[in-house]
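This briefing is meant for someone meeting the structure for the first time.

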Amino acid sequence: MSSYATLTDNPVAVPVSGQETLAPPCAKVGAGMGENNKNTPSSFQQVVRTSPMDFWRLWYVGFVVTTVRWLETVAMGIVVYQQTGSALVVAMITMLRLVPMGLFGAFLGAFAERFDRRLTLAGIVGLMMVTSALLSVVAFTGALEVWHLAVASFINGCGWATDNPLRRVMMGEVMGRDRMAIAMALDVGAGNVSRMVGPAAGGMLLAGVGIEGAFLLSVALYASAVAATLMVQSHIPSSPGAGAVLARTWEGVALIFSDRRLGAIMAVTVIYNVFAWPFTSMIPVIGADRLLLGPEGVGLLTSIDGVGAFAGCLLLALWLTPGWHARAYVGGTAAYLVGLIGFAAAPTPLLAGVAMLVTGLAGATFATLQATLVYLAAPMEMRSRILGVLSVCIGTGPIGFVWLGWLADLIGAPEATAITGVMGLLALAATWPLWRRI
């Protein structure tokens, strides 16, 4: 008999304070989980105190992966810009981390249903660790070139593309739907702490010991995440009929088009990833050219976004109620676009830092509620697939990266960033008939 719990996808009604909610039927509970696996509405303090260890292990894996992503994004961006002097190439390297979502995201959700998710997650994190290890070796030999960084970005992007249909689905099954919003706030909060730690560490390591030091730190962090993943005890068995990947993928896509709420959530996600998120690739460019910052300064400036995001996640976890989910989701997107326009126009590092604080607060709202709204709106048996489609919507980001990089080379990074932010606000206004239904 397995030593860890089995969670199924067959919902049953469980009465909670006079209401009904969906929960896994009588899941076998492993050591240490006990009552923590029940789906009961909880305050932030209760969730933190009673969350099972499996949640915190998965939380830690997410923290490590996002820390390394930000560390390497800043370090790679600075090195690529130093070598090429092209804002377009910097944007392309960052974009390659998003391409796998657009290419494979819809299939990954259905594909993940075929295997033990714990071992699959450990294997994916291990692959990213090997990639960073190889880059560190190449960097030590002095042979590191831009194409090496491009290939590594694409490979690690494949790992990132599995996060929603794999790790976050596991978190949802461990925590239950009634605690999902707070769990996601804690998860996004960890990701945003990484946005404080990762960029600063990347900039300092690059200035102090070179990019090979940044890659070695990545290897060590990935190794700890693999260990944490293998310690996860909760087991989600493969779904019946999961072998029909294409058919199950199409079921998820068809549901998005037929469900107005899911469709609206995906539309806002596309707007954010095409017009808002790509501005992060211009931070090293604007920081170096306009604000005259070195690697340490660029890293610290990027970290301010993480400070704001961490504060935003705490506020969401403490005070956000379900009735405000939709308004906070759309409002966070709009505020992020306003913040990046302010960053592009900022004449001093201080004002740029204030704008980054705004994008951090707004980005935390968007990121927390994006996966939460999709998870709660999707049928239980289709969550992996729907979150896989969400990854495809996130994967539209390369369109924005290509556009922004091209425009930045043509008219300058600050002007291109501001214009793209205005376009995003116009796109959000034009889609009001869709997202007002969320």
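Arg167 and Asp163 are four residues apart in helix 7 (residues 163–175), which means that about one helical turn separates them. The two residues form a salt bridge, with their closest N and O atoms 2.6 Å apart. The model is a predicted one, and the points below are grouped by topic.

**The salt-bridge network**
- Arg167 counts as buried because its relative accessibility is 4%, and Asp163 counts as buried at 17% relative accessibility.
- Asp187 and Arg168 also meet through their side chains in a salt bridge, at 3.0 Å from N to O; Asp187 lies in helix 8 (residues 180–208) and Arg168 in helix 7, so this pair ties together parts that are 19 residues apart in sequence.
- Asp187 and Arg168 are both buried.
- Asp163, Arg167, Arg168 and Asp187 are linked in a network of salt bridges.

- Asp54 and Arg57 are three residues apart in helix 2 (residues 53–84), so about one helical turn separates them.
- Asp54 counts as buried at 2% relative accessibility, and Arg57 counts as buried at 17%.
- The count of salt bridges comes to five.

**Thr359 in helix 15**
- Thr359 has its place in helix 15 (residues 349–377), and it counts as buried because its relative accessibility is 0%.
- The side chain of Thr359 reaches the backbone oxygen of Met356 at 2.8 Å.
- Leaving aside residues up to four places away in sequence, Thr359 touches Phe279, Asp305, Tyr336, Gly339 and Leu340.

**A nonpolar surface patch**
- Val307, Leu315, Leu318, Trp319, Leu357 and Leu361 make a nonpolar surface patch of about 550 Å²; helix 13 (295–319) and helix 15 are the elements that give two or more residues to this patch.
- Helix 13 gives the most to the nonpolar patch, with four residues.
- Trp319 is found in helix 13, and this residue counts as exposed because its relative accessibility is 62%.

**The chain as a whole**
- The protein chain has 19 helices and two strands, and of its 438 residues 59% count as buried.
- Among contacts between residues at least 6 apart in sequence, 84% join residues at least 24 apart.
- The protein chain exposes about 16600 Å², of which carbon and sulfur atoms supply 70%.

Technical notes
Residues numbered from 1 in each chain as written. Predicted model: local features only at pLDDT ≥ 70, side-chain atom pairs only at ≥ 80, totals over all residues. Heavy atoms only, no water. Buried < 20%, exposed > 50% of the residue type's maximum accessible area, 1.4 Å probe, protein only. Polar contact = N/O pair within 3.5 Å; in protein donor to acceptor, adjacent residues only side chain to side chain. Contact = heavy atoms within 4.5 Å. Patch = residues over 30% accessible without salt bridge, like charges linked within 9 Å, V, L, I, M, F, W, Y side chains within 5 Å. Areas by Shrake-Rupley, 256 points an atom, 1.4 Å probe, with all protein chains shown as cover. Salt bridge = Lys/Arg side-chain N within 4 Å of Asp/Glu carboxyl O.
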